[in-house]
Amino acid sequence: MKWIVLISIPLIVTFAVKKFFRELLYHPYCLKENYKKKLIPVCGGIVFVPSFFASIFLINLLGHSVEYQEVILIALSLISFVGFADDLIGDTKVKGLKGHILRLIKGKPTTGSLKALGGLLIAAFVSYEIAGISLIEVTIDSLIIALFTNLLNLLDLRPGRCAKGFLLLSLLFLLIGRGKPEFLFILFVIVLVYLPEDLKAQLMMGDTGSNVLGMASGIAAILLFNFYEKLILLFALILFHLFTEKYSLTAIIEKNKFLNYLDMLGRKGEE
């Protein structure tokens with residue numbers, strides 16, 4: 001019965017939230033050019049946190065609770081706000097995590113550096129609340145959450161790519177991880193409802209949404225894997241980020257038949 005609630009509530013709620021935000025997203029401040037130079041809403045992922053919050057509230061009213069729901073709600077709300085600021089007033093001339101950090105060191109902070117520092121601080125808060133007082137584990141968990149947040153952000157360069165990346169990651173985590181975090185099921189449903197407009201390039205998820213999905217992926221990872229598995233995962237994430245600082249992820253995807261097939265899946269109606 002609980003699983004029916006965990007699926008049906010976010011399904012209904014997200015449709016309602018999408019309808020509410022549909023017209024608001026076309027405010028001039030929210031419009032930016034996509035990769036085809038077409039003006040579309042840049043912060044479509046703004047529906048994630050309200051949908052998640054309302055879903056948790058209604059699930060609680062029905063007598064159920066979600067593990068770590070308060071911590072996760074705080075974390076996702078904060079990281080979405082940081083992403084929203086970057087979407088609206090971010091400097092697009094500065095590229096990559098390295099570029100933003102270098103600007104910060106030079107005393108010229110950007111919204112990207114705010115996102116990096118804010119993401120790490122929020123990740124540390126979540127890790128402390130979940131892992132307790134073990135400094136080593138809190139450090140490892142914080143880095144995993146922060147790097148996952150940036151990883152999903154790196155995927156948000158083409159219609160549907162970030163959402164599909166999150167859905168695939170979620171399925172993988174649920175298949176190989178220890179346990180089934182309920183919050184991940186709720187977000188999975190929310191993203192499925194959100195996805196069609198993104199695939200058609202009617203809006204961009206933006207950092208407002210990709211930050212939420214990235215942080216949720218990181219939180220799921222630290223809940224599902226043991227200490228040694230997390231060390232391996234952290235090493236893989238560091239390698240991935242070093243690789244993407246040097247090479248274009250989009251170019252690699254476009255040159256690989258399988259990855260390009262996944263990337264183009266569902267995009268036939270792209271405007």
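Ala, Val, Leu, Ile, Met, Phe, Trp, Tyr, Cys and Pro are counted here as nonpolar, Asp, Glu, Lys and Arg as charged, and the others, Gly among them, as polar. On this basis, the lining of the second largest pocket has 20 nonpolar, one polar and three charged residues. The structure is a predicted model.

The second largest pocket holds about 650 Å³ of space. Its lining is made up of 24 residues. Leu151, Leu155, Gly165, Leu168 and Leu169 are the closest of these to the pocket centre. The largest share is that of helix 7, with 10 residues.

Helix 6 and helix 7 are also joined by an aromatic pair. Phenylalanine 148 lies in helix 6 and phenylalanine 173 in helix 7, so the pair ties together parts 25 residues apart in sequence. The ring centres of phenylalanine 148 and phenylalanine 173 are 5.8 Å apart. Their planes stand at 90°, over the 60 degrees required, so the pair is edge-to-face. Both phenylalanine 148 and phenylalanine 173 are buried. Together with Phe225, these residues form one aromatic cluster.

Across the whole structure, the search finds six aromatic pairs. One of them is formed by phenylalanine 48 and tyrosine 194. This pair is edge-to-face as well, with 5.0 Å centre to centre and 75° between the planes. Phenylalanine 48 belongs to helix 2 (residues 48-61) and tyrosine 194 to helix 8 (residues 182-199), so the contact ties together parts 146 residues apart in sequence. Phenylalanine 48 and tyrosine 194 are both buried.

The UniProt record, an unreviewed entry, places the feature "binding site" at Asn153 and Asp207. The two positions are spread over 55 residues of sequence, yet they cluster in space. The largest C-alpha distance is 6.3 Å. Asparagine 153 is found in helix 6, whereas aspartate 207 lies in helix 9 (residues 206-224). Asparagine 153 has 13% relative accessibility; this is under the 20% cut-off, so the residue counts as buried. Aspartate 207 counts as buried because its relative accessibility is 10%.

The surroundings of both annotated residues were then listed, setting aside residues up to four places away in sequence. Asparagine 153 touches Lys115, Asp207, Ser210 and Asn211. Aspartate 207 touches Gly83, Asp86, Asp87, Lys115, Asn153 and Asp156.

Cysteine 43 sits in the loop between strand 2 (39-41) and helix 2. Its relative accessibility is 0%, so cysteine 43 counts as buried. Neighbours within four places in sequence aside, cysteine 43 is in contact with Leu25, Cys30, Phe84, Asp87, Met204, Met205 and Thr208. The C-alpha atoms of cysteine 43 and methionine 204 are separated by 6.1 Å. Along the chain, cysteine 43 and methionine 204 are 161 residues apart.

Key: Residues are numbered from 1 along each chain as its sequence is written. This is a predicted model: local features need pLDDT of at least 70, side-chain atom pairs count only at pLDDT 80 or more; totals for chains, interfaces and linings use all residues. Side-chain values use heavy atoms; hydrogens and water are left out. On a 1 Å grid over the protein atoms alone, a cavity is a set of points where a 1.4 Å probe fits but cannot get out, and a pocket is an open set with protein on both sides within 12 Å along at least five of seven lines; lining residues have an atom within 4 Å of a point. Grid points are joined across faces, edges and corners, and a volume is the space filled by probe spheres set on the points. Helices (H or I, at least four residues) and strands (E, at least two) are DSSP runs, numbered from the N terminus. UniProt positions are given in the numbering used here, feature names are shortened, and annotations may be inferred rather than shown by experiment. Buried means under 20% relative accessible area, exposed over 50%, partly exposed in between (1.4 Å probe, protein chains only). Contact means heavy atoms within 4.5 Å. Rings of Phe, Tyr and Trp (its six-membered ring) pair if their centres lie within 6.5 Å; planes under 30 degrees apart count as stacked, over 60 as edge-to-face and the rest as tilted.
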